[in-house]
Amino acid sequence: MNTVPVLTVLLLVTPIFPATSSGTMAIDSAGNVWRTGKDVFVLTTANAFQKSALGGVCATYQLSPFDPPTTVSCNHAYVIKQDPSGKVLYATYLAGGSEDGGAAITTDAQGNAYVTGYTYSADFPVTAGAVQPKNAGPLRPAVVSEEPGPFGPVAVAPGGDVFVAKFASDGTLVYSTLLGGSGSDVPALIGADASGSVFVAGTTSSTDFPVTAGALSHQTSASFFARLSATGAALTYATYSDPTIQAFDMDSRGDVYLTGFSQPSTPGANGGPYVTAIDTSAGTVLFSTFLPNINAKIYGSGAAIAVNASGNLFLRVS
């Protein structure tokens, strides 16, 4: 039976260490460092899953009306593993012919690595049996100006669809799948539980993101949360979320605890952090609490959450 855990709120500088990763670097149980990100060129290793990436032009710009157009090469997602001394043990692309980028990576006790990111590529590498084999999002990269005015450098904005991939400790690609709707879906957080299920959260502009029965909301909103099965072949749970999702953690049962910022619809009401617990196997909300009375001088826009072995929650706000 699920019971409501004790919730402890920690202010400002108190550190907590959830299983969720919001960064592009993670350390496995052997002390090896796994990294992801995006780059135009990556020096891959002989055992790479994908030794080279298709070159491509993802944008053009002009410095002035008198200059010819300048091309912007596509970046590509990569995964790199280094030992504690810094020696590269494994380096691979994970990319298609358009813009791709790794956004977050995490590891498990067995040394496997889980990476998520975004891709505009129609030919992004997916494995057999993937929960979503085709990119449903925009295939043309969105371009943003890096300087005001009609001329100057531009950059490709993250977008397209989410990808989620699992690598074994030796670099073997266990699975790779896409996830998303017809708008741009960009992940920011990834976590994995003891069973190998993968949890991903981020932002979405899709009105048709593949939500499951029991979702928090079937209406379009700015955030999404999803759980994939251990094989990457099934979408166990997926939902929109009206509040932002800034962090999450999982307990030993696989229940997930989300936190972030919520702004009530009541005019003049204070916004603040929230905690929502979800049984992602049954697709039910176990509890949800809103903390609007935390002093606004203390709570800015940051929140992190962790659950310990006893099932108690620790929420850090800053």
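Colleague: Which kinds of secondary structure does the chain have, helices or strands, and how many of them?

Modeller: Since this is a predicted model, what I describe is computed from its atoms. The chain of 318 residues has buried residues making up 52% of it, and among contacts between residues at least 6 apart in sequence, 59% join residues at least 24 apart. As for secondary structure, the chain has zero helices and 23 strands.

Colleague: How many disulfides does the structure hold, and which residues does a disulfide join?

Modeller: In general, a disulfide is a covalent bond between the sulfur atoms of two cysteines. The structure holds one disulfide, with an S to S distance of 1.9 Å, and the link is right-handed, with 100° about the S-S bond. The residues that this disulfide joins are Cys58 and Cys74.

Colleague: How many residues apart in sequence are the parts that the pair of Cys58 and Cys74 ties together?

Modeller: To answer this, we look at where each cysteine of the disulfide lies. Cys58 lies in strand β4, residues 57-61, whereas Cys74 lies in the loop between β5 and β6, so the pair ties together parts whose separation in sequence is 16 residues.

Colleague: Is Cys74 buried or exposed, and what is its relative accessible area?

Modeller: A residue counts as buried when its relative accessible area is under 20%. Cys58, the partner of Cys74 in the disulfide, counts as buried at 10% relative accessibility. Cys74 is buried too, and its relative accessible area is 3%.

Colleague: With which side chain does the side chain of Gln82 make a polar contact?

Modeller: Gln82 is found in strand β6, and with a relative accessible area of 16% it is buried. Leaving aside its neighbours within four places in sequence, Gln82 is in contact with several residues, including Asn32, Val33, Lys87 and Val88. The polar contact in question has a distance of 3.0 Å, and the side chain at its other end is that of Arg35.

Colleague: Which residue has its side chain joined to that of Asp67 by a polar contact?

Modeller: Asp67 lies in the loop between β4 and β5, where it is partly exposed, with a relative accessible area of 33%. The polar contact of its side chain is 2.9 Å, and the residue at the other end is Ser64.

Colleague: What distance separates the C-alpha atoms of Phe151 and Ser64?

Modeller: Phe151 has its place in the loop between β10 and β11, and it is partly exposed, with a relative accessible area of 31%. Not counting residues up to four places away in sequence, Phe151 touches Gln62, Leu63, Ser64 and Pro65. Although Phe151 and Ser64 are 87 residues apart along the chain, their C-alpha atoms are separated by 5.7 Å.

Colleague: Which element gives the most to the lining of the second largest pocket?

Modeller: The second largest pocket holds about 160 Å³ of space, and it is lined by 13 residues, with Leu216, Pro243, Tyr274, Thr276 and Ser288 lying nearest its centre. The elements that give two or more residues to this lining are β17, β19, β20 and β21. By class, the lining has six nonpolar, six polar and one charged residues. The element that gives the most, with three residues, is β21.

Terms used. Residues are numbered from 1 along each chain as its sequence is written. This is a predicted model: local features need pLDDT of at least 70, side-chain atom pairs count only at pLDDT 80 or more; totals for chains, interfaces and linings use all residues. Side-chain values use heavy atoms; hydrogens and water are left out. A disulfide is a pair of cysteine sulfur atoms within 2.5 Å. Helices (H or I, at least four residues) and strands (E, at least two) are DSSP runs, numbered from the N terminus. Buried means under 20% relative accessible area, exposed over 50%, partly exposed in between (1.4 Å probe, protein chains only). On a 1 Å grid over the protein atoms alone, a cavity is a set of points where a 1.4 Å probe fits but cannot get out, and a pocket is an open set with protein on both sides within 12 Å along at least five of seven lines; lining residues have an atom within 4 Å of a point. Grid points are joined across faces, edges and corners, and a volume is the space filled by probe spheres set on the points. Ala, Val, Leu, Ile, Met, Phe, Trp, Tyr, Cys and Pro count as nonpolar, Asp, Glu, Lys and Arg as charged, and the others, Gly among them, as polar. A polar contact is a pair of N or O atoms within 3.5 Å; within protein, one must be able to donate a hydrogen and the other to accept it, and residues adjacent in sequence count only if both atoms are side-chain atoms. Contact means heavy atoms within 4.5 Å.
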